[in-house]
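Please open the model in your viewer and keep the selection panel at hand. The tour moves from one selection to the next.

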Amino acid sequence: MKVCVVGAGFVGLTTGLVFAEHGHDVRVVEVMDSRLRQLEQGKVPFHEPGVQDAVTRQIAQSRLRFTSDIREAIDGAECTFLCVGTPQGDDGAIDLRFIKQAAKEIGDALSAKERRHVVVVKSTVVPGTAADVVRPIVQESSGWNVPVASNPEFLKEGSALKDARAPDRIVMGIDSGGEYVWDLYASFECPKLTVTTRTAEMIKYAANSFLAVKIAFANEMANLCEDVGIDWLDVVEGIGLDYRINPSFFQAGLGFGGSCFPKDVAALAYLANSHKHPSGVLNAALASNATQPLRAIELLEDELGDLEEKTIALLGLAFKADTDDVRETRALPILHALQAKGAIVRCHDPQACETFLELMPDANVITDLDSAIKNADALVIQTDWQEYKTMDPAHLKAQMAGNTIIDGRRALSPELFADAGLNYRGIGYGANESTD
Ligand code: UDX
């Protein structure tokens, strides 16, 4: 099939790429000049494992092309995937500016004549958006009854390509017409679910919100485990054996970040509120997530006392490993809190130094790990990059001035680090206090 994808972010580019890998002819529309120039030269504008090589291959096979011209991309295509950003407005509500603009442009491009075409909303949008916002705009600007479907994306940054190539399910919301969009996924082997567009949109929000609530729960339980001398990972193993409780996404840490969880939970909470059914659970997860990064500060103060003039290496600026994305990274509130305490903070990340500097231009960002840890009083691991997981405890001990390691993501082995004479504190790691 000929496919048009609007938006070349993580979701749009990965979606287009995987359709190309399945033999479809894909054109991706990108309006941001700098991003389009890079893509036209075959360069992926963000760090995402495997994507660059795969894009290079599909460009060489002429199955993946980029343009800023939506009319050219839609010409001859049987479907258009809407993959633009849905930022959070000031009040927490979803901001549909880019969706509306893209819907209008798609409708205009389809206005020449009626044909076989379905518009598929892949961006994360609140229930009712495809039917009540996108469809009227597309139909008004095209002048005909273009079907609009909803196909939420569940890929995770850092494993976007793997997730998109082997999804655990594909959900398609179809209200009237456009069922043939399923042909695109004919060669994907996984459960496939057809629902209404509203239900598809709600499935995405409910999935992300449930995972965010689960993580907030894990964080609070892990904090408690530390207090009472228990290792949260042992608890996860025990409760995970209950067939009703899936042990994945139960990793306690310094809070959830990224472009989805914080924004999607806030948008669903806002929607619940606007329907006069405020969600105590969602609001509590957001509040819990706002304070969780400060757990790093509490642990540091526990070990070092006053943090004024203390040198702290903040390791990990990306919101998670294997991405250079710093949206809603927990590194930011930690950095702000350390600065407020008068600490000297050195920030390090294997991939996200540049993106973090865009967010925080005056941050002391150091690209070399050894220089970041040299003579530091303490380390805080905010992202579980492989580079940190493989740090040699003896080397750290020799390089640092102090010996405190705050493992905010349980990336390290407590025993190995304690054996090397380092003072290890990990989220959810109680010291296994004896009861006698
Ligand atoms: C998320 C959803 O997982 C994905 O299905 C959806 O399409 C987009 O939003 P993403 O934000 O890319 O994906 O990454 P994810 O792996 O879900 O992590 C989000 C945040 O939760 C990160 O800050 C991560 O560190 C944190 N997290 C994740 C935990 O703290 N504990 C966990 O067990 C898992």
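**Two helices, then the ligand**

Begin by selecting helices α8 and α10, which are roughly perpendicular to each other, because angles of 65 to 115 degrees count as such. This is a predicted model, in which α8 covers residues 197-227 and α10 covers residues 261-274. The two helices pack at an angle of about 115°, and their axes are 9 Å apart. If you turn the view to look at the crossing, you will find that α8 passes α10 in a left-handed manner.

Next, select the whole shell of 18 residues, among which Phe154, Leu155, Glu157, Gln251 and Lys320 come nearest to the ligand. Colouring this shell by class will show nine nonpolar, three polar and six charged residues.

Now look at the oxygen atoms of the ligand. One oxygen atom is 2.7 Å from a polar backbone atom of Glu157, and a backbone N or O atom of Glu153 lies 3.3 Å from an oxygen atom of the ligand. At Lys320, turn to the side chain, where an N or O atom is 2.7 Å from a ligand oxygen atom. Finally, show the surface: the ligand taken alone exposes 660 Å², of which the protein buries 90%.

Note on methods: Residues numbered from 1 in each chain as written. Predicted model: local features only at pLDDT ≥ 70, side-chain atom pairs only at ≥ 80, totals over all residues. Heavy atoms only, no water. Near = heavy atom within 4 Å. Polar contact = N/O pair within 3.5 Å; in protein donor to acceptor, adjacent residues only side chain to side chain. Areas by Shrake-Rupley, 256 points an atom, 1.4 Å probe, with all protein chains shown as cover. Helix = DSSP H or I, 4+ residues; strand = E, 2+ residues; numbered from the N terminus. Nonpolar A, V, L, I, M, F, W, Y, C, P; charged D, E, K, R; others polar. Axes fitted to C-alpha atoms, helices over the stretch in contact; angles between N-to-C directions. Parallel < 35°, antiparallel > 145°, perpendicular 65-115°, else oblique. Left-handed = near helix turned anticlockwise from the far one by under 90°.
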